[in-house]
Amino acid sequence: MRFQPVLFTVVSTLALAACGSGESSDSSETRPSIVATHAVLGAIVSDLVGDAAEVSVLVPNGVDPHEWEPSAKDVESINGATLVVANGLNLEESLTSVLQSADSPVFYAADHITPMSVESEEHAHGDEHGHDDGPNPEAKDEGDHAHDGDPHFWTDPLAVADVVEHLSEELVAIGLDVAANAETLIADLTALDAEVADLLSAVPAERRVLVTGHVSLAYFAAHYDFELLGSVVPSLSTSAEATAANLAELKAVIAAEGVSVIFAELGAPDEVVGALSEETGVRVVVVSSHLVPDDNTYRSFLLRLASEVRDALTA
């Protein structure tokens with residue numbers, strides 16, 4: 001009988017611990033779930049919501065979103081999310097029909113910038129910094145977000161700031177108060193823009209030219225005063241192929257402009273880029289245009305990309 005109080009204490013303690021554990025799990029499970037389609041968007045969303053929501057990413061970090069295919073589990077995640085944050089402009093080629101028929105609301109980031117066209121090297125945003133004050137006026141009706149335009153807006157931090165502003169409004173509308181976070185993040189993005197511009201000031205005017213694997217750095221080039229001379233694959237999608245005519249033209253441009261570097265990104269055709277490098281004597285530098293660093297922050301992503309470009313062009 002003397003042992004009964006001790007046993008009761010132990011059992012009671014374990015019961016309380018179990019209850020506490022259950023409460024923590026329930027609390028975690030009741031947090032809103034936000035699904036971002038690719039890693040850079042996931043970093044931006046995480047920067048905005050902090051611990052206020054569970055953020056998951058569909059396309060694994062470092063995987064080409066043009067080539068990725070969703071699984072049944074991915075479709076289930078989309079349909080069970082509080083909000084899906086998609087890029088739009090047909091970046092998620094394999095998700096078009098899934099997103100259009102999703103049970104969850106879908107926020108298309110590219111609806112809140114004015115997209116650059118493939119042909120133009122002019123920055124088509126609302127002002128010289130590449131941001132505007134409202135939804136994309138070119139967006140099609142009936143939920144069609146596969147219209148023409150460059151989807152790689154995330155290399156311009158002020159375009160990202162526009163997306164953050166409108167995404168925060170969407171989150172507030174579904175009961176997630178991130179208004180203060182959004183204000184701080186937009187200020188941080190403005191400061192980051194100045195920091196990147198200062199970092200890139202080390203590149204002299206005559207070397208501020210870019211040749212890329214495919215068309216993925218147009219926003220970066222236009223925003224930071226680089227000239228995008230051409231791409232090995234002159235397409236927004238990595239599923240396209242290089243042509244003999246385009247490669248011949250690119251060789252002539254490289255020779256005429258004294259290009260020193262070909263910037264190869266995720267999804268660039270390695271063999272074709274390598275062959276072009278050998279024929280022209282130009283170095284190949286791989287840049288992290290789609291890869292988020294280990295700290296999962298947009299700031300680190302853009303600083304690394306800018307540093308890779310600067311280092312390559314000043315070497």
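Predicted model: local features only at pLDDT ≥ 70, side-chain atom pairs only at ≥ 80, totals over all residues.
Residues are numbered from 1 along each chain as its sequence is written, and side-chain values use heavy atoms, with hydrogens and water left out.

Q: What makes a stretch count as one of the helices or strands in the protein?
A: Helices are DSSP runs of H or I with at least four residues, strands are runs of E with at least two, and both are numbered from the N terminus. On that basis the protein has 10 helices and 8 strands.

Q: What about Asn90: buried, partly exposed or exposed?
A: Asn90 has 34% relative accessibility, so it counts as partly exposed. Asn90 is also in the loop between β3 and α4, and its phi is positive too, near 65 degrees. Across the protein, buried residues make up 47% of the 315 residues.

Q: How do you know that β1 and β2 pair?
A: Two strands pair if DSSP finds at least two bridges between them. Strand β1 (residues 33-36) and strand β2 (residues 54-57) are joined by 4 bridges, so they pair, and they run parallel. Ala36 has Val57 in β2 as its bridge partner. With β3, β1 pairs in the parallel sense over 3 bridges, and there Val35 is partnered with Val84.

Q: What makes the β1, α2 and β2 unit right-handed?
A: A crossover is right-handed if, with the strands pointing away from the viewer, the path from the first strand over the helix to the second runs clockwise. The unit made by β1, helix α2 (residues 39-49) and β2 is a right-handed β-α-β unit, so its path runs clockwise in that view.

Q: Which other elements make a right-handed β-α-β unit?
A: β7, helix α9 (residues 270-280) and β8 do. Here β7 and strand β8 (residues 283-286) pair in the parallel sense over 4 bridges, with Val261 opposite Arg283 in β8. Strand β7 (residues 261-264) points Val261 and Phe263 one way and Ile262 and Ala264 the other, and all are buried.

Q: What makes a space a cavity, and how many are there of 30 Å³ or more?
A: On a 1 Å grid over the protein atoms alone, a cavity is a set of points where a 1.4 Å probe fits but cannot get out, whereas a pocket is an open set with protein on both sides within 12 Å along at least five of seven lines. A search of the whole structure finds 2 cavities of 30 Å³ or more.

Q: Which residues line the second largest cavity?
A: Lining residues have an atom within 4 Å of a point, and those lining this cavity include His38, Asn61 and His290.

Q: Which residues lie nearest the centre of the second largest pocket?
A: Of its 16 lining residues, Ala264, Glu265, Leu266, Val286 and Val287 do. The elements giving two or more residues to that lining are α9 and β8, and α9 supplies the largest share, 3 residues.

Technical notes
Buried < 20%, exposed > 50% of the residue type's maximum accessible area, 1.4 Å probe, protein only. Points joined across faces, edges and corners; volume = space filled by probe spheres on them.
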